[in-house]
Structure formats: C-alpha cells, structure tokens
Amino acid sequence: MRRVWALALLAGWSAPAQILPEEISRRAEAMAAKLSECRRDFHMHPELSNHEERTARVIAERLRALGFTDIRTGVARHGIVATLVGAKPGPVVAWRTDMDALPIDESTFPVDYRSKTPGVKHACGHDAHMAVALGLAELLAGMQSQLGGTVQFVFQPAEEGAKDAPEWGAKLMVKEGALDNPRPQAIFAFHVNPMIEAGQIGYSPGPGSAASDTIRIRILGKRAHGAYPFQGIDAVAVASQCISAIQAIHSRRIPTQSPSVITIGTIQGGDRRNIIAESVELGGTVRTFEAGTRDTIERMLGETLEGCTAAQGAKFELNYRRGYPAMNNNAALVEAALPALRKLLGESKVVALKPPMSAEDFSYFQEQIPGVMFSLGVRNEARGITAGVHTANFDLDESALVTGVKVAATLVLDVLGRKQ
C-alpha cells in the first residue's frame with residue numbers, strides 16, 4: 001500500500017522546482033568548516049540512548065538560531081521535531097536523524113576530537129548524521145522563499161536501544177505524534193557506510209536492513225557427580241545438541257531465497273569441572289528480511305528445542321523477544337530520486353548495495369509513510385579510515401558531510417518540486 005501511495009504521488013507531481021544543483025552544491029561547500037566543527041562538537045560530547053540531554057539542547061539552540069519557530073522538544077524523551085514551512089504550498093517531506101552514542105571507549109583513539117565522556121563514543125556516525133541534518137536545515141532555511149511545501153526535521157533519540165524503558169526511539173516518536181500535524185508524504189534518512197568511499201551514495205530499494213530479534217534459552221537438566229553422569233541429565237551436552245539443531249533451521253528448513261541469520265552468541269552454565277550441569281543459558285539473535293520467515297523461525301525454535309530436550313529427558317525455557325522490524329526502502333521513491341542524484345554526483349558515485357543484516361529502527365517510520373534510508377560513504381583508505389561502525393577505531397572522512405548536505409537537499413527539493 002505504501003508503494004502504491006508513493007507511486008500515485010509521484011505520478012501526480014510536475015517537474016522539480018528550479019533550484020539548481022549548482023546552487024545546492026555552492027551553499028553546501030561553503031558550510032564545510034562549519035559542518036566539521038558541528039560534527040566534532042557532538043563527537044566530543046556523546047550521550048547514550050535516552051540520555052541525549054545536551055545533544056537535544058544544542059540542536060534546539062541551533063535551529064532557533066536559524067529562525068525555526070515551530071520546534072517540538074521532549075518527544076520520546078529527548079527527541080525534537082522542527083518544521084520549516086516554505087513560502088509556497090506543496091508536499092510535506094521529513095528528514096530523520098538519530099542522536100545517541102554507544103558504550104564504547106575512545107580514550108586511546110589518536111584524534112584531537114576524541115570523546116570527553118569516558119566509555120562513550122559516537123561509533124555509529126550519529127554525530128555526522130546530526131551535522132548533516134543541521135546543515136540541511138540551514139541550507140533550506142536560506143531558501144525558504146523559494147520552497148514550495150514543508151520540511152519536517154525529526155531528531156530521534158535512542159536508535160541504539162534502551163534497557164531502561166519499555167519503549168524508545170522511533171517507535172515511541174511515532175506513538176507520540178512525531179509524524180502528525182502535518183503528516184509527511186515521504187521520509188528520508190542517512191546512515192554512514194564505511195564500506196563505500198566518501199563522496200559516494202549507496203541505495204537499496206526494498207529491504208534496507210533486517211529485523212533483529214533476541215532469544216534467551218534455558219536448558220534445564222539434573223545435577224549429578226561427573227563420575228556418575230547416568231544419575232543426572234547433562235544440560236551442557238543437551239545445549240550443544242540444541243545449538244547444532246538450531247543452526248540447521250536456517251540451512252535446512254528455511255527456503256534458500258529467504259535470507260536469515262540465527263546466532264547463538266553466549267553460553268553460560270555449570271558450576272565445577274566434575275559436576276554435571278543442572279542448567280545452561282544461551283543467548284542469541286535472529287535476523288530476517290521477511291515477516292513470514294521471522295514467524296517461521298520463532299515457531300521452529302520452539303519445535304527444535306522441544307525435540308532436542310525431550311530426547312535427553314531435559315526441559316527448556318524460550319524467551320523470544322522481537323526487536324526492530326526489517327527496514328523497507330520504498331522502491332518508487334528510490335527510482336524517482338536516482339536521476340537527480342546521478343546528475344548531482346555523477347553516475348559512478350551512486351552505487352547499488354546489497355541490504356545488510358544490521359538493524360535500524362527507521363523501519364518504524366517506514367511502517368507509517370513511504371521512506372528511504374540512503375548510505376553515506378565515509379571511507380578513505382588513503383587516510384586509513386576503514387574501521388567498521390560500532391568499533392573503537394571508527395572514524396569518517398569529513399568531506400562526506402558536504403556530500404551529505406548536497407544529497408539531502410537534492411532529495412528533499414526534488415520531492416518538494418513535484419507539486420500535486
């Protein structure tokens with residue numbers, strides 16, 4: 001339905017507004033030093049999920065300085081929704097950026113803008129996302145008299161998840177009306193990608209990231225002395241058989257055309273080397289693209305554990321907790337955006353990507369309205385900037401910030417120019 005809606009909107013719109021790519025590029029390039037300074041400020045003052053107090057305050061202050069008057073703060077705790085209304089009527093487009101950092105230490109990272117908060121680092125590029133979003137806000141505010149339509153800036157907390165709340169991030173922002181009054185007809189976002197070079201933009205129509213679920217399994221046996229195993233039920237031995245059987249769910253029971261990953265990442269159990277373990281706890285994740293595959297794996301996990309444990313006289317407890325749904329990039333919006341992006345950057349700089357198995361709660365926004373998350377290349381092998389996200393050595397080529405503002409403005413203006 002969301003794809004049909006997007007196709008209908010695009011079919012009913014006219015040619016884009018005459019704000020030239022050269023003007024967008026000139027304004028974005030003039031911001032280069034300011035974008036770097038902004039990103040580094042956020043990088044030096046990272047805050048964990050649901051604790052983005054300074055981050056939210058700085059964002060709100062900068063938006064007010066740009067002349068924004070319609071600013072909602074405190075959405076989903078520390079989120080912000082700011083609205084820029086153009087001088088002419090037109091569609092409503094939203095731009096989303098995430099705000100939180102990760103519990104990763106950066107104290108030995110050899111840069112002068114390293115984190116000043118022990119044990120916390122912007123290791124997923126949210127500092128860059130915020131700098132680009134504020135750059136986009138500044139660029140569009142400077143063109144307000146030329147805009148036909150409305151732009152909503154959604155600054156979202158807690159994308160990385162929160163252990164101290166039942167709901168958080170995008171899901172809570174939707175619940176608290178972040179996409180209401182006015183209702184956007186499309187929403188865009190970036191995620192930095194250290195696998196592609198700075199200056200490049202990646203896209204993936206359809207699946208953009210996987211659903212991510214958490215599994216906790218407890219195998220219940222019977223304690224006995226290691227010299228007399230027949231008097232007990234060995235939870236360690238049963239757990240090992242269960243792990244092998246669980247891996248066979250993907251390799252032997254799920255259609256090969258349906259990607260999925262089942263990972264058992266932790267095993268904890270036993271008291272002493274010479275005692276048959278009474279219980280073993282397993283922890284892991286399930287990642288899928290398709291809702292049907294997700295349902296099937298949850299069901300098959302229970303069936304598999306039932307068979308494995310019953311065969312050995314053991315029992316089990318399974319806690320399957322669903323996390324973020326799979327991200328689904330609206331194919332019509334991607335297709336409509338590609339000509340403008342290729343004209344802006346050049347054919348070779350706009351690259352098709354295979355969807356990763358990582359997870360993103362931008363998917364909750366996509367469940368409400370058509371949306372696309374593009375990949376912002378930040379890699380620079382010549383400078384040694386190659387580390388992956390969620391690592392202590394992650395960094396980015398800051399020239400990508402200028403590319404990000406150019407591309408974000410092009411995406412938004414291209415949609416706003418297609419007046420109904």
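Author: Happy to! Let's begin with T403, which, apart from neighbours within four places in sequence, is in contact with G199, L345 and L376. Keep in mind as we go that this is a predicted model. T403 has its place in helix 11, and because its relative accessibility is 10%, under the 20% cut-off, T403 counts as buried.

Helix 11 covers residues 399-416. The largest nonpolar core has 68 residues, and the members that touch the most others are L63, W95, L140, F153 and F374. Helix 11 gives the most to this core, with twelve residues. In soluble globular proteins, nonpolar side chains tend to be buried together.

Now pick out L140 from that core. Leaving aside neighbours within four places in sequence, L140 is in contact with L84, L147, V151, F153, V412 and L413. One of these partners, F153, is also among the residues that touch the most other core members.

G265 counts as exposed because its relative accessible area is 60%, over the 50% cut-off. Beyond its neighbours within four places in sequence, G265 is in contact with G283 and G284. From C-alpha to C-alpha, G265 and A408 are 37 Å apart in space, and 143 residues apart in sequence.

Terms used. Residues are numbered from 1 along each chain as its sequence is written. This is a predicted model: local features need pLDDT of at least 70, side-chain atom pairs count only at pLDDT 80 or more; totals for chains, interfaces and linings use all residues. Side-chain values use heavy atoms; hydrogens and water are left out. A nonpolar core is a set of buried Ala, Val, Leu, Ile, Met, Phe, Trp, Tyr and Cys residues joined through side-chain atoms within 4.5 Å. Buried means under 20% relative accessible area, exposed over 50%, partly exposed in between (1.4 Å probe, protein chains only). Helices (H or I, at least four residues) and strands (E, at least two) are DSSP runs, numbered from the N terminus. Contact means heavy atoms within 4.5 Å.
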